[in-house]
Amino acid sequence: MNKKFSVARTYGKALFTEATQLNMINEIYQELLQLREIYHEVPDLGDILSDDRLSIFEKVNIVKDLENSFSDTLAKFIHTVYDYGRMNEMLDIIDEYEHLYYDQFGIIVVNVTTAVALSLEQRHDLEKRLAKQFHANKVVLRPKLDPSIMGGMIVESEHRIIDQSVRTELNNIHAKLLA
């Protein structure tokens with residue numbers, strides 16, 4: 001197992017366990033989404049807080065600002081992650097917590113590739129159909145555009161791929177004609 005993944009898994013699971021005991025699973029998840037946004041706004045934040053670009057005092061001030069933005073539970077967690085020099089792995093830790101959160105509530109992530117963007121109505125309809133098909137409480141769609149599939153869609157989730165693209169259908173017809 002990859003060491004980085006192992007660390008993220010350990011920290012994510014520890015935070016999820018703590019949130020469960022405190023009955024704060026959803027609250028912590030919402031805060032982690034905000035923290036993820038901060039990391040996306042400042043892409044080098046984890047590295048800056050983990051390497052030696054800044055003095056310890058400068059890092060501590062940044063970490064204190066982060067801690068003050070969140071609940072005591074998440075603030076203590078951020079402090080622990082900082083103390084162990086793992087701030088550069090925070091996004092992976094958040095991803096692991098999210099994975100546990102989704103498992104807890106029967107939510108699955110589905111990557112959907114289409115040739116053209118789906119309308120809001122089409123997205124909602126697809127989410128409902130996929131939730132039923134995958135026996136999930138909720139589906140989170142992650143759309144991707146790829147004009148080369150020409151039409152239809154490719155659905156990927158939980159190591160399953162359903163390819164209903166026009167490109168694949170044409171390739172199948174072509175293969176049958178050559179056979």
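## A loop between two strands

His159 sits in the loop between strands S3 and S4. Helices (H or I, at least four residues) and strands (E, at least two) are DSSP runs, numbered from the N terminus. The phi of His159 is positive, near 65°, and His159 is not a glycine. His159 is also exposed, with a relative accessible area of 86%. Exposed means over 50% relative accessible area, buried means under 20%, and partly exposed lies in between (1.4 Å probe, protein chains only). S3 and S4 form a hairpin with two residues between the strands, and there Glu158 takes a positive phi near 45°.

This is a predicted model, in which local features need pLDDT of at least 70 and side-chain atom pairs count only at pLDDT 80 or more, while totals for chains, interfaces and linings use all residues. Residues are numbered from 1 along each chain as its sequence is written, and side-chain values use heavy atoms, with hydrogens and water left out.

## The sheet

Four strands make an open sheet in the order S2-S1-S3-S4, and the pairing is mixed. Strand S2 (138-145) and strand S4 (160-165) are the edge strands; each has a single partner strand, so one side of each lacks a neighbour in the sheet. From one strand to the next, the twist averages 20°. Two strands pair if DSSP finds at least two bridges between them. Strands of a sheet pair through backbone hydrogen bonds, either parallel or antiparallel.

Take the pairs in turn. S1 and S2 run parallel and pair over eight bridges. Asn111 stands opposite Arg142 in S2. S1 and S3 are antiparallel, with four bridges. Here Thr113 stands opposite Ile154 in S3. S3 (residues 152-157) and S4 are antiparallel too, paired over six bridges. Ile154 has Asp163 as its bridge partner in S4. Met153 has Gln164 as its bridge partner in S4.

## Helices against the sheet

Helix H8 (residues 166-178) lies across S3 and S4 and runs at about 80° to S4. Axes are lines fitted to C-alpha atoms, for helices over the stretch in contact, and angles run from 0 to 180 degrees between N-to-C directions. Contact means heavy atoms within 4.5 Å.

## The crossover helix, H7

How do S1 and S2 connect? S1 and S2 pair in the parallel sense over eight bridges. The chain goes from S1 through helix H7 (residues 120-133) to S2, a β-α-β crossover that is right-handed. With the strands pointing away from the viewer, a right-handed path from the first strand over the helix to the second runs clockwise.

H7 has 14 residues and reaches 20 Å from its first C-alpha to its last, close to the 20 Å expected at 1.5 Å a residue. The expected span is 1.5 Å times one less than the number of residues. Which residues of H7 are buried? They are Leu126, Leu130 and Ala131. These three cover an arc of only 130° around the axis, which puts them on the same side of H7. The arc is that of the directions from the helix axis to the C-beta atoms. An α-helix has 3.6 residues a turn, so residues three or four places apart point the same way. S1, S2 and S3 are among the elements that cover the buried residues of H7. The face turned away from the buried side carries exposed Glu121, Lys128 and Lys132. After H7 comes His135, with a positive phi near 55°.

Asn23 lies in the loop between helix H1 (3-21) and helix H2 (25-41). Asn23 is not a glycine, yet its phi is positive, about 55°. Asn23 is exposed, at a relative accessible area of 67%. H2 has 17 residues and reaches 24 Å from first C-alpha to last, close to the 24 Å expected at 1.5 Å a residue. Its buried residues are Ile25, Ile28, Tyr29, Glu31, Leu32, Leu35, Arg36 and Tyr39. They span an arc of only 165° around the axis, which puts them on the same side of H2.

Helix H5 (residues 72-83) has 12 residues and reaches 16 Å from first C-alpha to last, close to the 16 Å expected at 1.5 Å a residue. Buried in H5 are Thr73, Leu74, Ala75, Phe77, Ile78, Val81 and Tyr82. Gly85 follows H5 and has a positive phi, near 65°.
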